[in-house]
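Here is a quick tour of the pockets and cores in one structure. Have a look at it first, then read on.

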Amino acid sequence: MDNAICFLLNNRSVTLQADPLRSLLDTLREDFGLTGAKKGCGEGECGACAVLVDGRLVNSCITPVIAVEGKTVFTIEGLRETPRFQELSRCFAQAGAVQCGFCTPGMVMAAEALLMRNSFPTEQDIRTALSGNLCRCTGYSAIVAAIMTAAKEGEGLWPASFDPGI
Amino acid sequence: MLEMKSISVPAGRLDFSEKMTGAAKFCQDLRPHGMFYAKTLRSSKPRAKIRAVRLPLLPDNVVIVDWRDVRGKNIVPIVTDDQPFFARDQVNYIGEPILVATGPNPDELRKIIDSIQVDYEELPAVLTIEEALSRTSDIIYGDHPWFVSYEYLKGDPDTAIHEAAISVEDEFHTGYQEQAYLEPQSMLAEQKDGVMTVRGSMQCPFYVEEALMQALGWERTRVRVIQLPTGGGFGGKEDYPSIPAVHAALAAIKTGRPVMLVYDRGEDIMCTTKRHPSCIRVKSHLDANNHIIAREIEVLSDAGAYCGLSGVVLQRMIYSVPGVYQVQNLRVSGRACATNKVPSGAFRGFGGPQAFFAIEMHMEHVAREIGVDPLLFRKTHFLRQGDLTATGGRLRSPVELEAITDSVCTLSDYYEKRSTPKEPGGKLRGIGFSAFFHGCGFTGADERDIISARVRLCKGEDETVNLYVSSAELGQGAITTLSKIAAETLDIPLSQVLCGYPDTGVCPNSGPTVASRTILVVGRLVQEAALKMKEHWDEAFCETESHFRYPGGFSFDKKLHTGDAYLEYAWGANVVEVEVDPITYSCNILGAWAAFDIGTPIDTTIAAGQVHGGMTQGLGYGCMEVLDMKAGRPLQCSLTDYMIPTSLDVCKIDFRFVQSESVLGPYGARGMGELTLVGAAPALAAAVENAIGKPVTQLPVTSEYIMELSRHG
Ligand code: FES
Ligand code: FES
């Protein structure tokens, strides 16, 4: 049976009729046309589909849409409108952190999730934060360097905070 | 430090913004009106006759496509005519496609596929190289247990062997490696006005075009293939995409709908090509002065159920396996064995990683046997500019192996670490070295005989220049680097050069995006076309083409395997340091260092990306990427079970480019994409060997293997 499900999607409130067990990824991609999040595995293993739900990084392919009822969902399409994205983008470009680009939207969301709760991450913090996002092209070094620079040079963009809890 | 050439200065990727913002449309992101999905029914037996295929009652809007729908030829056009697009009355590996179901609802299609019954009559399957070679009857392919068998000689090995003072012998084994590109195989086929257009994820649009023409039986003018942004290839999207492309196209013809065919991850791992498992035997014969006077090498590769690219991969294995060493007398042979498993194929390095693992470990073992420092031992045998290679080709460009070795050893502090005590805090530390090359471009004269690449440049009135090539952008930076070569040569800003994704309807065939040939061969043609254009720059419109010409003085005899096996070589050396836990036998990579001679880097940031990505894949191959087969079925069919390196598995990688200019490549560039993967695994294996003091002879070096070696080895 389809349910009416409401949530905040990229700061807009949305309602849809859907099978509550439909994956959030399919909902975003097919019902809302937001194709930034990718399906790399559909099994919660690669992070290409990562989005933020109430600020936490989740793999949307294994998240049933009912689980975001009443919550805020933030995708690359929302993030790319922010000054924080501009900073990340500048640093990703400079470091050469994008190759095929298939993992990139998920990586960027992981970076945002990390910097939102820890604006002064160490390299190890960054590596840990990205560990659920696979990248087969870059070997991660450039991505880690890019996030490091964004944290340093983007001071004030992310709330000054350190929350060791994940 | 060399001053950086202007072409090497990072220019920023031209495809950066669309990828960074998530706006880039990959195949799975497209949804043309009325689109159908497709799912594939695959063989569940390694070798069997198909007695019957029993379909359930199908809904009206679900259509089945199988071999009967192939109006042209039911054979994938790749080197050897043996692999069908759809199995007809026999299957030869688990995962072989039998039919495709197409319809509007992917979940429904999955259920339908699961409910189809195939009646098989099982036949005895061949599952390993050893089994293949020991069979005397019921050979699974042709008259031999192998698809191809090659042998070549250099000098007079028999006489030299007779004079040898000492001989050292080794046998090495390597496993599968899965490309694990993040975007699974994806194709979208659409028929309009009698023309079939296929868009999707691929390395070689003209291979796909060829496959469509063959399967559909259509003229070139009725087939068009367009590459979409592609989420990695690494060889896995070299020949394989022909199969899903043809399946999607046949479904589109039968239903009159656009058809999207995207593989599930498990399906992709199970049924697409992988790096060949191998068994390599090396025997070196030395004189009383510790000099290698002869070598005998035998290479066996596990090709799987169809030949595919295995012959070409085997050529690269046997031309690479003598390593970076000058040995006057050689006997090298190779066979690609037929087994009832998923066909092996192209993977970055293309036979090189297995070959260099074997020869580099063997050099370590010989050095140890005769009590000589392994680096010193290597250095006394290094190839030099002007030398003849194993196949007797002349090394025309500079060969800077000494400088490369010294560079990586300084960077890694190799000598100091190699000589210090190995057990800080109970952990066993070790450091290992490897030296290697990658031959750039197609083998022998195939760039002339098979590919014959062309590129085109067009200048419009507004002074923008359109660059037309068939080189695919896979993340490696083809669009950016080729555009840079055009801009630099024409002396115009990069923003004035426009280069899109290849489209066979528009672009000339500049060949496939493989074999580290994009810069060396296609880039050179772009430079030539740009030079021609420069002469006519004042004309309002100007179009120039450039065609590949085989360089003067080069030659190759394919039958005898003699002459210039490759147009150019790129060189490298790696050092890896590890720490092995003597209780759990887990192996932690402490550092990885490299020096490469890729000639002039065309954009240092993009080149650095190739180094980090390639070495990470090489380290994964070396110690963690395990794909086992049981009864012909892969045991690791997800990204949880088939583990590729995560951000936590990768250590710091530090590298230098030792630049000596190629005589052929544009701006002195050689090739680089594959080189970066080749040397990591042998350096890692040598480090483990150094740590535990037992000879390592197999890849990947897992903790289970280290335990086995430590306890029994
Ligand atoms: S697609 Fe969701 S984790 Fe891979
Ligand atoms: S850039 Fe290709 S997977 Fe990360």
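## The second largest pocket

The second largest pocket comes in at about 730 Å³. A pocket here is an open set of points on a 1 Å grid over the protein atoms alone, where a 1.4 Å probe fits, with protein on both sides within 12 Å along at least five of seven lines; lining residues have an atom within 4 Å of a point. The volume is the space filled by probe spheres set on the points, joined across faces, edges and corners.

Its lining has 29 residues, and B:Val79, B:Tyr207, B:Phe442, B:Ile450 and B:Ile451 sit nearest the centre. That lining splits into 15 nonpolar, seven polar and seven charged residues (nonpolar is Ala, Val, Leu, Ile, Met, Phe, Trp, Tyr, Cys and Pro; charged is Asp, Glu, Lys and Arg; polar is the others, Gly among them).

## The largest pocket

The largest pocket has a volume of about 910 Å³. Of its 37 lining residues, A:Asp26, A:Glu30, A:Lys39, B:Pro106 and B:Arg110 are closest to the centre.

## Nonpolar cores

The largest nonpolar core holds 245 residues, with A:Phe92 and B:Trp571 making the most contacts inside it. Apart from it lies another core of 23 residues, including B:Leu30 and B:Val118. A core joins buried (under 20% relative accessible area, 1.4 Å probe, protein chains only) Ala, Val, Leu, Ile, Met, Phe, Trp, Tyr and Cys residues through side-chain atoms within 4.5 Å.

## About the model

This is a predicted model: local features need pLDDT of at least 70, side-chain atom pairs count only at pLDDT 80 or more, and totals for chains, interfaces and linings use all residues. Residues are numbered from 1 along each chain as its sequence is written, chains are lettered from A and ligands numbered from 1 in the order in which they are written, and side-chain values use heavy atoms, leaving out hydrogens and water.

Note on methods: Buried < 20%, exposed > 50% of the residue type's maximum accessible area, 1.4 Å probe, protein only.
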